[in-house]
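Here are my notes on this model, point by point. Please keep the structure open while you read.

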Amino acid sequence: MLMDRGVLVRWNDEKGFGFIQPENNVAQDVFIHISVLKKMARKPIVGDSILYQTEVQNDGKRKAVIASIEGVAVIAASATPRSHSHVQSRNENFNNKNKAHYHNSRKSSFNTIIPLLIIVAIVIFGFKQYQEFNEATAIDEVPALTNEDTQPMPMYETKARTQATATPSFQCEAGKTHCSHMSSCAEATFYIQNCPNTQMDGNGDGIPCERQWCS
């Protein structure tokens, strides 16, 4: 069975899918899901050489239905559990021998448990009394708050820092022109608005990658 070969150019480890760039320079990248690689010894990473077979989906795109990471071992199938009838027989004989001893010791064990329960109850009661005493002492030692302690903390620095962190920063990179090269809708929108030669807005409505990122 012939397999195609390509390079994994994009991979989203959180969502478990990515895209293969075929070795034969086919214009359309091939979609691949982690489920077809579940028997591999490790997860795929960008740059892996992938052997795969594809099928065409209803929307005309190709996806890998059989795939493996070249050079990575395949996890062996679980071994068949060995027969345990001999072990079970030994256990049954052992249990039968111990039944008589269990019935004889049950009565003496019951007589031993009652004093132990009484001792445990006394220890628990004493521990609770000790905790209550420590909590009361800690409350008495709490210092009183002053007006300086209750002054409101400035919020503008935190807000400005949060806004600065939340704003993504992108820059035009050579060769990143297709949706498969993008990592988010925000990045795709930045590229069609600021970078030349992009091919991510086929219908010209200003919304790129509507089937992948900006759906």
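1. Start with glutamate 55. At 40% relative accessibility, glutamate 55 counts as partly exposed. The scale is this: buried means under 20% relative accessible area, exposed means over 50%, and partly exposed lies in between (1.4 Å probe, protein chains only). Its side chain meets that of lysine 63 in a salt bridge, 3.9 Å from N to O. A salt bridge here is a side-chain nitrogen of Lys or Arg within 4 Å of a carboxyl oxygen of Asp or Glu. Lysine 63 is partly exposed too, with a relative accessible area of 26%.

2. A word on the basis. This is a predicted model, where local features need pLDDT of at least 70 and side-chain atom pairs count only at pLDDT 80 or more, while totals for chains, interfaces and linings use all residues. Residues are numbered from 1 along each chain as its sequence is written, and side-chain values use heavy atoms, with hydrogens and water left out.

3. How many salt bridges does a search of the whole structure find? It finds five. One of them joins arginine 5 and glutamate 70, at 3.0 Å from N to O. Arginine 5 lies in strand E1 (residues 4-12) and glutamate 70 in the loop between strand E5 (62-69) and H1, so the pair ties together parts 65 residues apart in sequence. Helices (H or I, at least four residues) and strands (E, at least two) are DSSP runs, numbered from the N terminus. Arginine 5 is partly exposed at 31%, and glutamate 70 is partly exposed at 36%.

4. Aspartate 13 forms a salt bridge with lysine 43, with the closest N and O atoms 3.9 Å apart. This pair also links distant parts of the chain: aspartate 13 is in the loop between E1 and E2, lysine 43 in the loop between E3 and E4, 30 residues apart. Aspartate 13 is partly exposed at 45%. Lysine 43 is exposed at 52%.

5. Look closely at aspartate 29. This residue sits in the loop between strand E2 (17-22) and strand E3 (30-33). Aspartate 29 is buried yet has no salt bridge. The nearest side chain of opposite charge, arginine 62, is 7.6 Å away; Lys and Arg count as positive, Asp and Glu as negative, and His and the chain ends are not counted. What does the side chain of aspartate 29 make a polar contact with? The partner is the side chain of serine 180, at 2.4 Å. A polar contact is a pair of N or O atoms within 3.5 Å; within protein, one must be able to donate a hydrogen and the other to accept it, and residues adjacent in sequence count only if both atoms are side-chain atoms.

6. Two residues of the E3-E4 loop deserve a check. Methionine 40 is in that loop and is buried at 7%. Its C-alpha is separated by 4.6 Å from that of valine 74, 34 residues apart along the chain. Proline 44 is in the loop between E3 and strand E4 (49-56) and is buried at 3%. The C-alpha atoms of proline 44 and glycine 18, 26 residues apart along the chain, are separated by 9.4 Å.

7. Finally, backbone angles. Asparagine 197 has a positive phi of about 60 degrees although it is not a glycine. Cysteine 209 has a positive phi of about 50 degrees, and is not a glycine either. Which is buried and which exposed? Asparagine 197 is exposed at 65%, whereas cysteine 209 is buried at 4%.
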